[in-house]
Amino acid sequence: MVPEADGQPSIEVYFQYHIKRDRPGLLGDIASLLGMLGFNILQLGGVSEYGRGFLLRTQRPESIEVLRTMLQVMEDVDLTVLRTPTLRDRIALRHGRIIERSDTEARTYRFIRDELGILVDFLGELLKRPGRQVIGVRGQPRVGKTESIVAASVYANKRWTFISSTLLRQTMLRELGHDELMSDQFVYIIDGAVSTLRGDERHLSLVNEVMGLPAPIVIEHPDIFVRHSHYGWNVFDLLIELRRDPDEAIQYEAYEQEAARWNGE
């Protein structure tokens with residue numbers, strides 16, 4: 001609910017439709033309908049080649065169902081979304097592209113390297129949220145995972161600390177300073193492969209400490225992290241997959257082979 005100037009509460013609504021028959025004046029007709037029903041258009045954008053999305057505000061909640069009913073009899077469009085706006089909806093309007101979700105796992109979001117700007121915005125908005133959340137990031141080496149996490153931390157106006165990483169050189173911390181445990185200011189980044197395949201007792205103790213903080217935690221290679229630790233998939237609030245192209249396979253054999261070389265050092 002958002003208070004209006006006259007003191008009456010208003011609500012925001014995300015409205016999206018698919019264009020079945022594009023004709024001159026269609027957008028004007030939709031805008032006129034929204035105006036007659038008392039909706040203010042806060043934001044409008046194309047979210048696909050044949051779809052448009054609107055961020056609306058109204059002080060008349062009953063108008064939402066009226067809009068739904070009227071759109072059902074329109075021949076030129078199909079109503080696809082009419083709901084309280086989610087972060088995914090807001091990002092779609094901002095970038096003109098809908099964030100893809102996994103067909104089999106609702107909490108998994110998919111990106112390709114050409115969408116790094118969208119990924120940074122999406123992840124940055126998540127990292128702004130208060131309290132503990134654990135986000136897994138899947139992807140092949142050098143696809144942009146770590147760089148995106150760091151950029152999203154900057155977007156969220158938070159500092160980041162690598163508990164483990166291979167970004168510049170292999171990092172594997174065994175302790176943190178007091179100022180680095182101020183969880184409301186930091187994003188904690190864990191490379192699930194480095195920590196679980198090479199971490200010693202002190203490092204793994206630090207990982208457990210960080211996992212208990214009321215803070216945002218981002219874990220690269222979550223599959224390896226789950227496979228080689230006592231943590232299960234239920235620890236993750238959501239998962240992100242980053243690929244160079246939509247058909248790229250995310251494989252972990254190289255990490256397993258590298259782990260064997262670590263063990264032989």
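Leaving out residues up to four places away in sequence, Ser164 touches Thr171, Met172, Ile189, Ile190, Asp191, Val194, Ser195 and His203. Touching, or contact, means heavy atoms within 4.5 Å. The model is predicted: local features need pLDDT of at least 70, side-chain atom pairs count only at pLDDT 80 or more, and totals for chains, interfaces and linings use all residues. Residues are numbered from 1 along each chain as its sequence is written, and side-chain values use heavy atoms, with hydrogens and water left out.

## Exercise 1

**Solution**

1. Strands (E, at least two residues) and helices (H or I, at least four) are DSSP runs, numbered from the N terminus.
2. Ser164 counts as buried because its relative accessibility is 1%. Buried means under 20% relative accessible area, exposed over 50%, and partly exposed in between (1.4 Å probe, protein chains only).

## Exercise 2

Is S14 mostly covered or uncovered, and which strands pair with S14?

**Solution**

1. Six of the six residues of S14 are buried.
2. In a regular strand, side chains alternate between the two faces of the sheet.
3. One side of S14 holds Leu238, Ile240 and Leu242, the other Leu239, Glu241 and Arg243, and all are buried.
4. S7 pairs with S14 in the parallel sense over five bridges. Pairing requires at least two DSSP bridges between two strands. Arg110 stands opposite Glu241.
5. S8 also runs parallel to S14, joined by four bridges. Here Val137 has Ile240 as its bridge partner.

## Exercise 3

**Solution**

1. A nonpolar core is a set of buried Ala, Val, Leu, Ile, Met, Phe, Trp, Tyr and Cys residues joined through side-chain atoms within 4.5 Å.
2. The largest has 25 residues; Phe111, Phe122, Leu123, Leu127 and Ile240 have the most contacts inside it.
3. H4 gives the largest share, six residues.
4. Apart from this core lies another, of 20 residues, including Val134 and Tyr188.
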